[in-house]
Every structure is written in C-alpha cells, then in structure tokens.
Amino acid sequence: MKSASLLLLALAMLAPRDALAQSAAASPQAQASSQAEARKLSDAFVNVAERVSPSVVQVDVTVRDESAEGVLRWMGRSNDSAAVAHGTGSGVVFTSDGAILTNNHVVDAALSINVHFRDGRFLSARLVGRDPSTDLAVIKVEATGLIPARFADSEAARVGEWVVAVGSPFGLSYTVTAGVLSAKGRGGLGMNEIEDYLQTDASINPGNSGGPLCDLDGRVLGINSMIASDRGRASGIGFAVPSAIARRAAEQILKTGKVERAWIGVGIQDLTPDLAALMKLEPHAGALVNSVTDGGPAQRSQIHAGDVLASVAGKPVHDGRELIRELMVHDVGQTI
C-alpha cells in the first residue's frame, strides 16, 4: 500500500507539468488568435478616425471678456482690444459648400469665429443661426469641395456599442477617444430646454463641444455637448445631442435661419408608479397631461388634463421625454 501511494503521488505531481506543457504548446496559436482579434478592433478605431477626421474642424472664437473690461475701464482704457477672451470648440462639416454644425455655447456671443481644417486651412466663419433649446448652431465658411460627415440613425443605436469621439479638447486638435454608448434618452440635467442626450464614457473635455460622437462605421451618432463635472474636472461621463435632433435642426437653420418645432399645447409629466396604480395603468404607459393650453391643438382635439398620451402617430411613448422626441420629428402644421 505504501508503494502504491507513492506511485499515485508521483503521477499527481507529473500531471500539472503535462498540462503546462500542453498549454505552452497551444499558447503561440492562442496568442496569435488573440492578437488578430485585438488588431481587428484597433483597425476599426483607425478606420473611424480616418473616415471622420476630414469632416471635423476646430472652432476658435473671441468673446468679450467682462472681467478684463472692468479693470481696463478703471484704467481709462474701456475700448482696449485686450478686453477679449479666446475659446476653442469643435465642429462637424455638414455640407460640401461650408456649413458646419457645432454647439450654440461654442459660438454664443462670439465677436469673431475662425475655423481650422485638417488640411491646414484657416478660414473665418459667419453665424447662420442658433438653436439654444438644443444647444446647436450652424456656422458657414466660404469654401467648396468639403467632405460632409455622414450621419447615423441615433434611434437605432444600441446601448453598449463602441463609439468614438473626435474633437479639440483643450485645443489639442483631432484628438480621438473611444468608449461605449452608455445610455440613451438622458434628460433632467437642467442645462437646456430640450434634453434627450446620448451618454458615453468616451473621454470628452472642454474643447470637444460641437465635435462628433461616431459609430464604428464613422457615422455621426451625436454632437458632443457637455460633461458631468465635479468642480470643473471631467468625471468620465459625457453627453451628446442625438443625430436625429441635430440633423433636423441643422437643416432647418440652413433653410430659414431658425428652428421651428411642432407644439400641441399641453403640460405633461411622467406617469409615476403611484399614479399608474391609481389609474389602473402599467408604469410607463405614456405621458400624463396635467394642463391644456386654451385654443391649442390639443384642446381642439378634445384632449383634457388627466389624459394619458400613449402614442404619437402610432409609435408608443412611455414618458414625457419620448413624447417630446416624437413630436419633434413632425413638421409644424402636420396632422398626427
């Protein structure tokens, strides 16, 4: 029995070595396969950068520096040109003849706007129109033959998919960062009248504003707009205006210089679980109407306070944000 036990112990000691030898023999093949997969992902990011970068610009602005103005006024130099501040943002070429989509807060109150292109051109731009409600604006340079960005359907984007941001954080032009689409339909941030953001963990910093958030096909999913910040420091959470909103706003600004949105004349709120239970409805069954504007389309259509709007043009809506989103894709005057 003693010798048999020693034999079993010897076999047990040899088994791990045999397993290690087999693992080592298979290791080069496994490593090659792993490296090939990593290269595919790397190439995907490289392809996005190569496709979208020609359509991304750096936007430089000058604005009135009120703090400097006060000092200069005290010094008797109230008209001094030194009373200006400089800012940097990003933009996306929207048309081949020079229209560029950016954020409203990038160009708001700008005294001058200049655009840097990747090919080295530096052109002055004029403001075409702004949409403060969504923090979007369109500027235009005198140029032809530009490469407009391709836009994706942000409604079809999937939470968890890879995304790439391109812009000029802190003035560092054509910076590429990657992450995932963290969430859709983010609102309630208190920054703009209309909030329906894409959320991402791709690194976004001051200067990225107005630049694109892209999918792995190099198409624009959204326009980077702001970050969640702790005392001015980035926290790894960024927000972009969805392409469905941004593209429609840009088209209207180019056509009329402003954005008009459909309106039905109701005040709404989300259907809370308690309210849903009282009304014998499922949670998120729609948007609850809490007021109706006199003479508005809703009143003329016999909609009353206390009604729940469950769909728009046949498409279900689950809360107030979805209701607004669906109304926004319809034209003023259209019957739904």
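User: What is the average pLDDT of the chain?

Analyst: The protein chain averages a pLDDT of 86, and 85% of the residues score at least 70; pLDDT is the predictor's confidence in each residue, from 0 to 100. Over residues 1–15 the pLDDT is below 50, and beyond near neighbours in sequence this stretch has 0 contacts in the model, a contact being heavy atoms within 4.5 Å.

User: And the ground rules?

Analyst: This is a predicted model, where local features need pLDDT of at least 70 and side-chain atom pairs count only at pLDDT 80 or more, while totals for chains, interfaces and linings use all residues. Residues are numbered from 1 along each chain as its sequence is written, and side-chain values use heavy atoms, with hydrogens and water left out.

User: Is strand S3 buried or exposed?

Analyst: Strand S3 (residues 99–103) has 5 of its 5 residues buried, so it is largely enclosed by the rest of the structure. Buried means under 20% relative accessible area, exposed over 50%, and partly exposed in between (1.4 Å probe, protein chains only). Helices (H or I, at least four residues) and strands (E, at least two) are DSSP runs, numbered from the N terminus.

User: Which strands pair with S3?

Analyst: Strand S2 (residues 84–93) pairs with S3 in the antiparallel sense over 2 bridges, and 5 bridges join S3 to the antiparallel strand S6 (residues 136–141). Two strands pair if DSSP finds at least two bridges between them. Val93 stands opposite Ile100 in S3, and Leu101 stands opposite Val138 in S6. The hairpin of S2 and S3 has 5 residues between the strands, and Gly98 there takes a positive phi near 110°.

User: Switching to the sheet with S14. What is the strand order?

Analyst: The order is S13-S14-S15, an open sheet of 3 strands with antiparallel pairing. Strand S13 (266–270) and strand S15 (308–309) each have a single partner strand, so one side of each is left without a neighbour in the sheet. S13 is joined to S14 (residues 287–292) by 5 bridges, and Gln269 stands opposite Leu288 in S14.

User: Which helix lies across those strands?

Analyst: Helix H7 (residues 320–328) lies across S13, S14 and S15, running at about 135° to S13. Axes are lines fitted to C-alpha atoms, for helices over the stretch in contact, and angles run from 0 to 180 degrees between N-to-C directions. Asp319 caps the N-terminal end of H7, with a side-chain oxygen 3.2 Å from the backbone nitrogen of Arg321. Buried residues in H7 include Leu323, Arg325 and Leu327.

User: What does Arg325 link up with?

Analyst: Arg325 is linked with Glu155 and Asp196 in a network of salt bridges. A salt bridge is a side-chain nitrogen of Lys or Arg within 4 Å of a carboxyl oxygen of Asp or Glu.

User: How many salt bridges are there in the whole structure?

Analyst: The search finds 12. One of them joins the side chains of Asp131 and Arg261 (2.4 Å, N to O). That pair links distant parts of the chain, with Asp131 in strand S5 and Arg261 in the loop between helix H4 (243–256) and S13, 130 residues apart.

User: Is Asp131 buried or exposed?

Analyst: Asp131 is buried, with a relative accessible area of 4%, whereas Arg261 is partly exposed at 22%.

User: And which residue does Arg248 meet?

Analyst: Arg248 meets Asp331 in a salt bridge (2.5 Å, N to O). Asp331 is in the segment after H7 and Arg248 in helix H4, 83 residues apart.

Terms used: Polar contact = N/O pair within 3.5 Å; in protein donor to acceptor, adjacent residues only side chain to side chain.
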